[in-house]
Amino acid sequence: MWKVFSYLKAYRVAIGVALFLTLTELGVELLQPLIMAKIIDDGILKSDLSVIKYWGAVMFGLALVAFAAGIANSFFSAHVSQNYGFDIRRRVFEKVQSFSFVNFNKFPASSLITRMTNDVTQLQNTVFMSLRIMLRAPLLLAGGVIMSLIVNSKLALVLVVILPFLLFFLKWVLQTAGSMFRDVQDKLDGVNRVMRENLMGMRLIKAFLRRDFEKNRFEQASGELKEKTVSSLRLIEVSIPVLLFVMNIGILFILWFGSRQVSMGSIEVGEVVAIVNYSFRISSVLTIISFIIMAFSRAKASAQRIGEVLDTEIDLVESQDTDRSLKIVNGAVEFNKVSFHYPGSDVPVLKDLSFSVKPGETLAILGSTGSGKTSLFQLVPRLYDVTGGEVLVDGKNVMNYPIETLRKGIGVVPQEAVLFTGSISENIGWGKEGAASDEIISAAIDAQIHETVEKLPNQYDTRVGQRGVNLSGGQKQRLSIARALVRKPKILMLDDSTSALDLKTEGKLLKALRTYSCTTFIITQKISTAMEADHILLLDDGAVEAWGTHEELLNTSPLYVKIVQSQFGEEDFQHVKGFKQTSST
Amino acid sequence: MSKDSNRPHPHNHLFGKKVKPKNWASTIKRIGSYFSDQKFLLSLVLLMVIISSALSLLGPFLIGMAIDSYIVKENIEGLNKLLLGLIIVFVGQSLSTWLQNYWMIGIAQDTVLKMRNDLFNQFHRLSISFFDKRQHGELMSRVTNDIENVSSTLNSSFIQVFSSILTLVGTVGVMIYLSPILTLISLSIVPLMFFGLKWITKRTGARFKEQQRNLGEINGYIEEITSGQRIVKSFSQEKRVMEEFMTKNERLRESGYWAQTFSGFIPKLMNVLNNGSFALIAGIGGVLALNGKVSIGVIVIFVEYSRQFTRPLNDLANQFNTLLSAVAGAERVFEILDESQEEMDETDAAELSAVKGKVVFQDVSFSYEKDEKTVSGLNFSVKEGETVALVGPTGAGKTTIVNLLSRFYESDSGQILIDGHDIKKVKRSSLRSHMGFVLQDSFLFEGTILENIRYGRLNATDEEVVNAAKLANAHSFVQKLPKGYKTILNQEGSGISQGQKQLLSIARAILADPSLLILDEATSSIDTITEMKIQEALQRLMQGRTSFVIAHRLNTIQQADQILVLHDGGILEKGTHDELLKNKKFYHSLYHSQLKQDA
């Protein structure tokens, strides 16, 4: 949490200036009554017009000075608070970009979003406010006490006794409210989460007519947020009447005690009046203080939440013996006794997996749903790290590659085609920095999407993603394939990315892929795709069930035969067998 | 992606220029309308404000009395009585202050809750096409960040404004009583103040709105990038993402900077005006006193009062600031609330009681974008209980047909009839209540597997859920999970594969037990052996109910009663598997490409 506040250090000078300007304003404010007194005493009472004119002008000048200071303060305070917010957002976003998927599991997306926007706004507002009024309160407080002590230390003792209690009380409020506002922010996450799920699942909700169900869910989340907000605000608001009451009772005590002293002749009535007046001022300052307390307790909660993100330990990092010069050159991939389970779970997903693929070869991976195909894919670009064994690229452990260069050499097409808000050419160009438009078009041609794009009203400038046109599932898949192709990867990994493509288009795509000089991993359900590959890896429950070419597997793997039969039926099965054998001769 | 050519913000060009005060006046009015059913509590709050204001004046007055009449005269007994009275006053003051805040917070947060829930409900009344053009995170920002702006204002503004006005009226009254001339001098700052406030609000209002918009933009970007982390990482595009983020971050800083700076001017402006009026009173008052027109005592008291006069003015001006930021937030909320609800059923829309399942498309055309026909002139009819397969290359319009049938989108022309009823004349909810869906993206909510399957029919027992899972072939893998049906699904790394998600959404549809079944690529990520197993269950499920099946693997649809081959938004061929094969046209070649790759 303190770390979050420490980012303010960068603005030391501006903060100093802002505080100095506040002091200037405060100074003018304090001088004003003195000048006023001077005008009355020396001017009006003595009927001296020149004194009135002179001090009137001084007062006016000072007012202008205060105004200038105040305006300048606005600039400096806004500068500090906005830059501070800007910095925090940058740091948090940067940190989140370095998160591994394990880290992501700790913070749901909805929560990360609130932390980066709403929590930062809270901090920002507190900083702005602090720079403008924070100094006032303690100074006025201290000033009031000191002045009363000067007037009469005996009577003022009452204040000296009361104030520490009040400050202690305020500290308690700050602590309690801090943790309550923490709950408020957490509940805000909850609202955000339901909202996000509803936006993502809108079609499903409409299809299943679950509006009322979701409405209840949302109203519960927003109701909880309301409850927490109400109770924390009410706690804060209790503090003002309490402070007021205690101070007022203190004043009564001063009056009572003062009157005794007056009757004993040890105190002047004027002194009592002065101290009572100072006490009134102090109580009006206390309301500002409780306002500050509120801002601080919110800021504390938000700083905590931001701090949690920043303090998260990244568990997927480059190892110490990373060889900076390493780069994928050929694209040979070897799995050596690889086992894997997801962090936080001990269910083994991959068990003792060994195989190797030479540069330029194509490996098809088959296996039942949940057999570990996608998990296997994730280990090559190090989206996750193996828990046993090693993955080698060009004979070197992937752990030894700098993560960025490793991933730069790999083109991944995930199962779900995710596009970002932006034009089609921007989305394809995502695969490669500074991709020229002809590179983008040629990738699109190979991904069999060029013709479709040409037909769109704005062609490659058509906007897609969350804010884009309607693309069919297959069109999205092909765009996401083009995005991988444009980087001319050494290793291309297609995770069942052709499932929504019709077979003709898929055929053309696979043909175009052959012109790329890269090692290709392709997860597929289709035998027709698999039989074109150099090797087929049949996974079953995380282990290698069979390995070989189509022909080999037809003879050696009963499971493979079963899969073939499931797709072609008995008579066609014979046909496939015959077809492939004749075509390969 | 940094180009924002078609942002959904119609007021773009207005920023930095004029913002019509009419806008925010009506927005404030509209926020006020949310209070309408809180009148009773609100009047209690007003009462408390009046009481606490009165008591806060009475306290010092009594203390003055205590000093003048008792302490000076050393009347201890009388003093003690008065002090006791003062204790009561102070208790009353604290109590009324506490109560007004206590109630006000309740009122304000109830209002915020209502606004938030209204917004949420509105989202559900909008058509799917509304969401096509919006970023999730941008919309989320309205539910959180924008409403928060309203919230923090409502908590304090009402009380502040009211008590300020109260004090103001009281003070001005006393001032006029003391000296009309000096009052006039004091009030001379009011027009200046008005002028200054106008100048500032012209700037802040627009800036605040811009800030909220930029906050929404950055919220949208963060949401999108966080959702697409897998791509960002796989392509190691962190730097690029960072750059784009920084552009948005800078934009937010810029607008925030000016909004905050300008809003900071308000109290300073008030200060200088106050100080100015101070000087004026002292100067002119001094001259008047020299001429004997005003007594010195009056000037002294007057200065005190003019200080009292400026404090509520100051407070009012400050409230103005927070009000503006609330308006900026509220406007973005109302923007959504004012979107036309395309989901409204026609007033005479009927309920569909029982659906037999006869479906007819008559000359149906539709386009998502204006210049681009997606489907046109669709004609086909489906008998009760038939299974229809939709086949064709990607983008041919298969999912569009499903979208039209379920009225996610409305056809531009032509009619769709179910059992002879035009579906446009049927309530959407009634229409969909007869349909069961397995959609292309098998979306699951964060929650347990049990809850997710139960989404198909909320009152299903655990047993029924498990049975549906068994039929969908999901039971076996669910059982292997350490927590079984209690496993919580979340977005990343729950260890559930895409195919398994599809199995769960099939189970969900099975549980719904609809009259009309729609399977859009329901098994695309499932391996073929598992698929075969589910196929049996699906076959059984489709028995006796009209079903629309979209699939690429043609062997899964061979048993269909009717196959529609779509191409470029029209029907190319229709018939059974055998008929189409005999035709030796598009379907024939599609089917055989499954066996041969064109090498």
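Q: In this predicted model, are α6(A) and α7(A) roughly parallel or roughly antiparallel to each other?
A: The axes of helix α6 (residues 136-151) and helix α7 (residues 153-200) of chain A come within 7 Å and cross at roughly 150°. Angles over 145 degrees count as roughly antiparallel. Therefore α6(A) and α7(A) are, relative to each other, roughly antiparallel.

Q: What is the handedness of the crossing of α6(A) and α7(A), left-handed or right-handed?
A: On the side of α6(A) the contact is made by A:V145, A:S148, A:L149 and A:V151, and on the side of α7(A) by A:S153, A:A156, A:L159, A:V160 and A:L163. By class these residues are 7 nonpolar, 2 polar and no charged. Where α6(A) passes α7(A), the crossing is left-handed.

Q: How many charged residues does the contact of α5(A) with α10(A) have?
A: The axes of helix α5 (residues 109-134) and helix α10 (residues 269-310) of chain A come within 8 Å, at a crossing angle of roughly 145°, and the crossing is left-handed. Residues in the contact include A:R115 and A:D119 of α5(A) and A:R298 and A:R305 of α10(A). The class counts are 13 nonpolar, 3 polar and, for the charged class, 4.

Q: How are α9(A) and α2(B) oriented, roughly parallel or roughly antiparallel?
A: Helix α9 (residues 211-264) of chain A packs against α2(B) with the axes 11 Å apart and an angle of about 5°. Angles under 35 degrees count as roughly parallel. The orientation of α9(A) to α2(B) is therefore roughly parallel.

Q: Which residues of α2(B) meet α9(A)?
A: The contact of α9(A) with α2(B) divides into 6 nonpolar, 4 polar and no charged residues. From α9(A) come A:N248, A:L255, A:G258, A:S259 and A:V262. Facing them in α2(B) are B:G59, B:I63, B:A66, B:Y70 and B:I71.

Q: Which helix gives the largest share of the side of chain B that touches chain A?
A: The contact between the chains takes 157 residues from chain A and 151 residues from chain B. The chain B side comprises 67 nonpolar, 60 polar and 24 charged residues. Its largest share, 27 residues, comes from residues 238-290 of chain B, helix α9.

Q: Which element gives the most to the side of domain 1 of chain B that touches domain 2 of chain B?
A: Chain B has domain 1 (29-125) and domain 2 (134-344), with centres 24 Å apart over C-alpha atoms. In their contact, 21 residues of domain 1 of chain B face 20 residues of domain 2 of chain B. The elements giving two or more residues to the domain 1 side are α1 (21-33), α2 (39-71) and α3 (76-125) of chain B. With 14 residues, the element that gives the most is α3(B).

Q: What distance separates the centres of domain 1 and domain 2 of chain A?
A: The assignment for chain A gives domain 1 (2-310) and domain 2 (324-409 + 491-496 + 527-585). Taken over C-alpha atoms, the distance between the two centres is 61 Å.

Q: How far apart do the end C-alpha atoms of residues 83-105 of chain B lie?
A: An unreviewed UniProt entry annotates residues 40-63, 83-105, 184-201 and 278-303 of chain B as "transmembrane region". One of these spans, residues 184-201, is 94% helix and 0% strand, with end C-alpha atoms 26 Å apart. Residues 83-105 of chain B are 100% helix and 0% strand, and their end C-alpha atoms are separated by 33 Å.

Key. Residues are numbered from 1 along each chain as its sequence is written. Chains are lettered from A and ligands numbered from 1 in the order in which they are written. This is a predicted model: local features need pLDDT of at least 70, side-chain atom pairs count only at pLDDT 80 or more; totals for chains, interfaces and linings use all residues. Domain bounds come from an automatic or database domain assignment. Two residues are in contact if their C-beta atoms, placed from the backbone, lie within 7 Å. Helices (H or I, at least four residues) and strands (E, at least two) are DSSP runs, numbered from the N terminus. Axes are lines fitted to C-alpha atoms, for helices over the stretch in contact, and angles run from 0 to 180 degrees between N-to-C directions. Angles under 35 degrees count as roughly parallel, over 145 as roughly antiparallel, 65 to 115 as roughly perpendicular and the rest as oblique. A crossing is left-handed if the near helix is turned anticlockwise from the far one by less than a right angle, and right-handed if clockwise. Ala, Val, Leu, Ile, Met, Phe, Trp, Tyr, Cys and Pro count as nonpolar, Asp, Glu, Lys and Arg as charged, and the others, Gly among them, as polar. UniProt positions are given in the numbering used here, feature names are shortened, and annotations may be inferred rather than shown by experiment.
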